[in-house]
Amino acid sequence: MSTPYALDFTEEPAPEAWIAVPVLEGRGAGRQRRKWAKKCAELRWALEDEGPRDKSQVKQLARMLEGFSERFPQKIPMHYMFLYAPDLRRDLVPFFFYAARSEGPVEPVLDALVQRNEPGAAQDPHIEDFTTDNLGRGLRSIRHFVPKGGEALGMSVNYGWRVESYGIDLSMRTVSDDLGWVSANIDAFDAFARSLKVVHPNDIVVA
């Protein structure tokens, strides 16, 4: 995609329950991943009131973070990834972001981004308007499905926006088989989505 964009937040600092995961490739990516995962795990555990039980918990989180950074970008098209991590003692929930240049009427594009008519749904997805001040016109869907070749019911939460100011259509998506946990945290996902804004990469300030 020729239009550069980056994700930033309307609140400062960024939400603590969310971890930005680097999408790395090329020479040296593995070393960069390990270095980032180790540092991020140490910093993230330092934010916990009780802290880690021992060093093994920090190492376990580092391995998990490295795995997310390495595995998912190879399987899922994405420009950015964030992990929802309000409790480091349970599984983290990955969200994937992808944008393409806006083309055609907005309604069918948004329907596609939130998988309104995607085959395999166990029932019609629950779709709501999700227009925000920062991102513009959007939709959010909650979709239940049975994965191809699987038996357990899965769930995806899908957001889509047409960001007029940048001429892009942006998607934010997660997929999980932990239906109860994901359903219980929809409000947190919504709050995170509302805090997002699109900026030019040169406008990101690294503290």
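Phe-97 is buried, its relative accessible area being 0%, where buried denotes under 20% relative accessible area, exposed over 50% and partly exposed the range in between, for a 1.4 Å probe and protein chains only. The model is a predicted one, in which local features need pLDDT of at least 70 and side-chain atom pairs count only at pLDDT 80 or more, whereas totals for chains, interfaces and linings use all residues. Residues are numbered from 1 along each chain as its sequence is written, and side-chain values use heavy atoms, with hydrogens and water left out.

Phe-97 is among the residues with the most contacts inside the largest nonpolar core, which has 28 residues, and Tyr-159, Trp-161, Leu-170, Met-172 and Phe-189 are also listed there. A nonpolar core is here a set of buried Ala, Val, Leu, Ile, Met, Phe, Trp, Tyr and Cys residues joined through side-chain atoms within 4.5 Å. Two or more residues of this core are given by each of strand S1 (6-9), strand S3 (80-84), strand S4 (93-101), strand S7 (154-163), strand S8 (168-176), helix H5 (186-195) and strand S9 (196-199), and the largest share, five residues, comes from S7. Helices (H or I, at least four residues) and strands (E, at least two) are DSSP runs, numbered from the N terminus. A second, separate core of 20 residues includes Leu-61, Phe-68, Leu-83 and Phe-96.

The count of aromatic pairs comes to 17, with rings of Phe, Tyr and Trp (its six-membered ring) taken to pair if their centres lie within 6.5 Å, and with planes under 30 degrees apart counted as stacked, over 60 as edge-to-face and the rest as tilted. The ring centres of Phe-82 and Phe-97 are 5.7 Å apart and their planes stand at 75°, so this pair is edge-to-face. Because Phe-82 lies in strand S3 and Phe-97 in strand S4, the pair ties together parts that are 15 residues apart in sequence. Phe-82 is itself buried, with a relative accessible area of 7%. For Tyr-159 and Trp-161, by contrast, the ring centres are 5.8 Å apart and the planes are at 15°, so the pair is stacked; Tyr-159 is buried at 0% relative accessibility, and Trp-161 is buried at 0%. One aromatic cluster is formed by Phe-9, Trp-18, Phe-82, Tyr-84, Phe-95, Phe-97, Trp-181, Phe-189 and Phe-192.

Arg-90 lies over the face of Trp-181, at 3.8 Å from the ring centre, and Arg-71 lies over the face of Phe-68, at 5.7 Å from the ring centre; a charge sits over a ring if NZ of Lys or CZ of Arg is within 6 Å of the ring centre and within 35 degrees of the ring normal.

In strand S4, which also holds Pro-94, the C-alpha atom of Pro-94 is separated by 4.4 Å from that of Leu-83, eleven residues apart along the chain. Pro-94 is buried, at 7% relative accessibility.

The second largest pocket is lined by 18 residues, of which Ile-76, Gln-115, Glu-118, Arg-173 and Val-175 lie nearest its centre. A pocket is an open set of points on a 1 Å grid over the protein atoms alone, where a 1.4 Å probe fits, with protein on both sides within 12 Å along at least five of seven lines, and lining residues have an atom within 4 Å of a point. Gln-115 is found in the loop between H3 and strand S5 (126-129), is buried with a relative accessible area of 15%, and has a positive phi near 60°.
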